[in-house]
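Here is a short note to read beside the model. Please take the points in order.

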Amino acid sequence: LCYKGFNWGDVNVDGDVLEMSVKNSMAFEIPLSNLSNATLNKNEVIFEFHLNDDAEICLSELRLYTPEFKQLQCLQPRGRYDVKLYPTFFHLHGKSFDFKVPKSSITRLLMLPHPDYRQMFFVVQLDPPIKHGQTRYHFVIMLFEKNSHVELEMTATDEWLETHYSGKLTREVSGPEYEVVARVFKASRSSCFHTFALDRDSFFI
């Protein structure tokens with residue numbers, strides 16, 4: 001546990017207590033009654049605490065970092081969404097709609113080439129589906145240009161990534177955008193992952 005700077009671990013809410021564990025050991029816990037405010041800012045969750053005027057030193061703020069992909073194009077649900085990955089769910093944040101999808105509902109991950117071979121579909125199959133009004137979405141379908149490349153640098157330590165992802169993720173991830181997104185999803189969720197090749201007479205529905 002580092003007392004100044006960054007700590008990497010798992011955050012859990014147990015009843016009225018916020019717990020943080022590092023290397024599967026309890027690092028600290030904070031009663032939720034001590035919170036005065038909680039806000040979401042880009043890829044950080046910010047907790048503010050009631051100040052104790054009688055204490056010489058007190059915790060005033062805690063920030064939790066969440067991995068994020070910006071403005072990914074989705075065909076279903078349609079729109080562009082920021083995708084944020086949390087320990088137990090992923091969050092789709094768009095201009096009009098927000099969806100919180102439990103990772104336990106992910107049943108399959110699919111990589112499908114577009115018939116024009118210039119684009120790729122990344123599909124997340126869900127059970128139960130997410131809902132908006134009377135509409136149910138059994139699939140989250142993302143569309144990527146094959147020639148779009150990204151370079152990401154994780155702010156986690158190599159040790160933390162090895163502990164939590166068993167070497168499936170490294171601090172520096174680069175390559176085609178669809179491969180990077182698929183790699184992170186696959187590492188964060190132990191699901192069946194499949195790729196399919198379509199011939200030029202095939203259709204994607």
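1. A term before anything else. Strands here are DSSP runs of E with at least two residues, numbered from the N terminus. In that numbering, D82 belongs to strand β8, which covers residues 78–85. Keep in mind that this is a predicted model.

2. The overall picture. The protein chain has 205 residues, and 36% of them count as buried. It holds 2 helices and 16 strands. Among contacts in the chain with a separation of 6 or more, 36% join residues 24 or more positions apart.

3. Look at D82 first. Is D82 buried or exposed? It counts as buried, because its relative accessibility is 9% and the cut-off for buried is under 20%. What does the side chain of D82 reach? It comes to 2.8 Å from the backbone nitrogen of Q71. Q71 is also one of the residues that D82 touches, once residues up to four places away in sequence are set aside.

4. Now the cysteines. How many disulfides does a search of the whole structure find? The count is 0. C58 and C74 can still be compared by cover. C74 counts as buried, because its relative accessibility is 2%. C58 has a value of 37%, so it counts as partly exposed.

5. Turn to strand β14, residues 149–153. How many of its 5 residues are buried? The count is 0, so the strand is hardly covered. Yet β14 has a partner. It pairs with strand β15 (residues 172–176) in the antiparallel sense, over 5 bridges. Within this pair, L152 stands opposite V173 in β15.

6. L169 sits in the loop between α1 (158–165) and β15. Although in a loop, L169 counts as buried, because its relative accessibility is 7%. Which residues is L169 in contact with, leaving aside its neighbours within four places in sequence? They are M154, L161, R183, V184 and A187. D158 gives a distance to check on screen. L169 and D158 lie 11 residues apart in sequence. Their C-alpha atoms are 9.0 Å apart in space.

Definitions and conventions
Residues are numbered from 1 along each chain as its sequence is written. This is a predicted model: local features need pLDDT of at least 70, side-chain atom pairs count only at pLDDT 80 or more; totals for chains, interfaces and linings use all residues. Side-chain values use heavy atoms; hydrogens and water are left out. Helices (H or I, at least four residues) and strands (E, at least two) are DSSP runs, numbered from the N terminus. Buried means under 20% relative accessible area, exposed over 50%, partly exposed in between (1.4 Å probe, protein chains only). Contact means heavy atoms within 4.5 Å. A polar contact is a pair of N or O atoms within 3.5 Å; within protein, one must be able to donate a hydrogen and the other to accept it, and residues adjacent in sequence count only if both atoms are side-chain atoms. A disulfide is a pair of cysteine sulfur atoms within 2.5 Å. Two strands pair if DSSP finds at least two bridges between them.
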